[in-house]
Amino acid sequence: LALVSMVTMPIVVWRSVTFQSRVRPLWLAIQQSLAEVTQTADEALNGIRVVKAFGRQKEAQARFDATNEELYKAGFGAQFP
């Protein structure tokens with residue numbers, strides 16, 4: 001039993017470290033993308049009159065869709081590396 005622990009523990013630690021090193025940048029990307037999506041939505045909702053007045057609905061929607069797609073890709077990559 002002690003021999004099995006001596007063999008498996010280093011493998012588990014090594015695997016955890018390699019997994020963390022691959023996933024950490026993706027989690028940081030999630031947070032950054034989430035902040036951008038929130039900012040875009042907040043700007044569009046708070047400035048809806050300005051957006052409509054200047055006919056920028058399509059641009060606002062395109063910007064939101066692009067940042068939301070980045071968030072989706074980062075989230076998917078972090079969940080399923």
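Student: Leaving out neighbours within four places in sequence, which residues is Ser33 in contact with?
Tutor: Ser33 is in contact with Thr67, Glu70 and Leu71. Keep in mind that this is a predicted model.

Student: Where does Ser33 sit, and is Ser33 buried or exposed?
Tutor: Ser33 belongs to helix α1. Ser33 counts as buried because its relative accessible area is 7%, and the cut-off for buried is under 20%.

Student: And α3? Which residues of α3 are buried?
Tutor: Thr67, Leu71, Ala74, Gly75, Gly77 and Ala78.

Student: What do the buried residues of α3 pack against?
Tutor: They pack against α1, residues 2–46.

Student: How many residues does α3 have, and what does α3 reach from first C-alpha to last?
Tutor: Helix α3 covers residues 57–79, which is 23 residues. Its reach is 32 Å, close to the 33 Å expected at 1.5 Å a residue.

Student: Switching to Gln57. Which helix is Gln57 in?
Tutor: Gln57 is in helix α3.

Student: Why is Gln57 classed as partly exposed?
Tutor: Because its relative accessible area is 39%. That lies between the 20% limit for buried and the 50% limit for exposed.

Student: What is Gln57 in contact with, leaving aside neighbours within four places in sequence?
Tutor: Val51 and Lys52.

Student: How far is the C-alpha of Gln57 from that of Ala44?
Tutor: The two C-alpha atoms are separated by 8.7 Å. Along the chain, Gln57 and Ala44 are 13 residues apart.

Student: Zooming out. How many helices and strands are there?
Tutor: Three helices and zero strands. From the N terminus the order is α-α-α.

Student: What does the C-alpha trace span along its principal axes?
Tutor: About 75 × 15 × 15 Å. The radius of gyration is 21 Å, whereas a compact globule of 81 residues would have one near 12 Å.

Student: What share of the residues is buried?
Tutor: 16% of the 81 residues. The protein exposes about 6600 Å², with 66% of that supplied by carbon and sulfur atoms.

Student: And contacts between residues at least 6 apart: what share joins residues at least 24 apart?
Tutor: 79% of them.

Student: Last one, charges. How many side chains are positive and how many negative?
Tutor: There are 9 positive and 7 negative side chains. The centres of the two sets lie 4 Å apart.

Technical notes. Residues are numbered from 1 along each chain as its sequence is written. This is a predicted model: local features need pLDDT of at least 70, side-chain atom pairs count only at pLDDT 80 or more; totals for chains, interfaces and linings use all residues. Side-chain values use heavy atoms; hydrogens and water are left out. Helices (H or I, at least four residues) and strands (E, at least two) are DSSP runs, numbered from the N terminus. The radius of gyration is taken over C-alpha atoms; the globule rule is 2.2 Å times the number of residues to the power 0.38. Buried means under 20% relative accessible area, exposed over 50%, partly exposed in between (1.4 Å probe, protein chains only). Contact means heavy atoms within 4.5 Å. Accessible areas come from the Shrake-Rupley method with a 1.4 Å probe; for residues, only the protein chains shown count as cover. Lys and Arg count as positive and Asp and Glu as negative; His and the chain ends are not counted. The place of a charge is taken as NZ of Lys, CZ of Arg, CG of Asp or CD of Glu. The expected span of a helix is 1.5 Å times one less than its number of residues.
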